[in-house]
Amino acid sequence: MNPNAFASSRHSRTRAGLRAWLAALAAAVLAACGGGDTVDPFEPSRMLVFGDEHSVITADGRKYGINDLDAAGAVACAGNPNWVQEVARNLGLVFAECRSDDRAATALMRAAAGARSADAQAAIDAYLAADAPASKDLVTVMVGMHDVLELYAAYAARGEAALVADLEARGRALARTLNRVATGGPVVLVFTVPDLGLTPYALVEKAAHIDTDRAALLTRLSEAFNRGLRLEVINDGRLIGMVFADEQLQLMVRYPGSFGLRNVTAAACANAATPPETSPAALLACTNAAGALVGDATDSTWLWADTLRLGPTGQARLGLVALSRVRNNPF
């Protein structure tokens with residue numbers, strides 16, 4: 001027999017045996033770790049919404065964005081949904097503020113316009129104390145923008161380093177509250193603060209001041225809050241799911257055409273507050289009716305409703321990512 005042929009045959013058998021042994025070892029490890037088990041998708045029975053106006057639906061079905069009108073000219077709550085509506089609808093949950101039948105409300109609004117992180121924490125504490133938290137509760141939190149704006153208003157009377165330290169501390173404090181919720185049973189979905197340096201508000205502030213690049217400053221302050229949140233929160237994907245709203249906004253601004261957007265720098269609503277005013281109140285009256293939007297703005301192709309709040313396309317993107325977290329994280 002040809003020695004080379006014998007060696008080749010022997011090596012082939014050795015490699016085959018090694019592959020079989022590795023496959024058996026992998027199967028044993030997988031079984032020992034429970035890796036063969038199927039993770040059941042999380043199906044919440046309730047959704048509790050905390051945070052600021054990004055998440056709010058008012059009692060009469062309006063949002064802080066570009067409200068949709070029906071054929072009769074009335075506000076159609078289901079139209080131009082905000083991100084919490086997208087998530088709730090796909091999970092089969094219903095808001096009392098926006099229902100078309102007599103089903104019981106299973107999505108509960110606890111968010112409020114202008115809320116800061118401390119306000120959200122107080123509302124969450126009330127939920128923990130009196131609302132019978134359960135393992136099938138989905139707690140959502142999108143807050144922090146007004147913390148950034150509050151401390152930004154203190155610049156330059158206070159130095160940037162002090163503002164950054166305060167915002168990191170606020171992010172950490174929020175994270176500790178969320179950790180307490182998650183370790184008590186409910187599933188938590190939390191958003192990072194959008195990059196406020198990319199907002200129309202930031203662009204106006206940048207043009208109005210020469211002391212420093214105000215847009216870049218707002219980005220750094222947003223990052224500070226998010227850094228504190230991310231460093232402190234339990235981020236293993238099993239107790240808390242995180243939606244990186246800052247990264248999603250950066251993508252939409254950098255690649256607008258990929259999201260069907262034509263304008264990512266200006267406010268679409270004609271009645272939008274002008275910086276330095278930051279109140280969202282006027283947005284409750286903003287609609288997609290003729291004359292309610294500026295110039296060639298539409299509710300689908302402009303990113304911003306006003307100088308700080310997203311329009312329907314931005315909201316839809318956040319809702320899509322949030323739903324993906326709920327569906328795919330191994331809660």
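A residue is called buried when its relative accessible area is under 20%, exposed when it is over 50%, and partly exposed in between (1.4 Å probe, protein chains only). This is a predicted model, in which local features need pLDDT of at least 70 and side-chain atom pairs count only at pLDDT 80 or more, whereas totals for chains, interfaces and linings use all residues. Residues are numbered from 1 along each chain as its sequence is written, and side-chain values use heavy atoms, with hydrogens and water left out.

**Disulfides**

The structure holds two disulfides (a disulfide being a pair of cysteine sulfur atoms within 2.5 Å). With the bonded cysteines of the protein chain numbered in sequence order, the pairing is 1-2, 3-4.

| Disulfide | S to S | Torsion about S-S |
|---|---|---|
| Cys 77 and Cys 98 | 2.1 Å | about -135° |
| Cys 269 and Cys 286 | 2.0 Å | -90° |

The link of Cys 269 and Cys 286 is left-handed; both of these cysteines are buried. The disulfide of Cys 77 and Cys 98 is left-handed because its torsion is about -135°. Cys 77, at 12% relative accessibility, counts as buried, while Cys 98, at 22%, counts as partly exposed.

**The sheet**

Helices (H or I, at least four residues) and strands (E, at least two) are DSSP runs, numbered from the N terminus. Two strands pair if DSSP finds at least two bridges between them. On this basis, five strands form an open sheet with parallel pairing in the order S2-S1-S3-S4-S5. S2 and strand S5 (240-243) are the edge strands, each pairing on one side only.

Strand S1 (residues 46-51) is largely enclosed by the rest of the structure, because six of its six residues are buried. Arg 46, Leu 48 and Phe 50 lie on one side, and Met 47, Val 49 and Gly 51 on the other. Six bridges join S1 to the parallel strand S3 (residues 137-142), where Met 142 is the bridge partner of Gly 51. Three bridges pair S1 with strand S2 (residues 107-109), also in the parallel sense, and Val 49 stands opposite Met 109.

Strand S4 (residues 187-191) runs parallel to S5, joined by four bridges; Val 190 has Met 242 in S5 as its bridge partner. Helix H5 (residues 160-183) packs on the sheet and touches S3, S4 and S5 (contact: heavy atoms within 4.5 Å). The direction of H5 makes about 160° with that of S4, where axes are lines fitted to C-alpha atoms, for helices over the stretch in contact, and angles run from 0 to 180 degrees between N-to-C directions. Helix H9 (residues 312-328) lies across S3, S4 and S5, at about 150° to S4.
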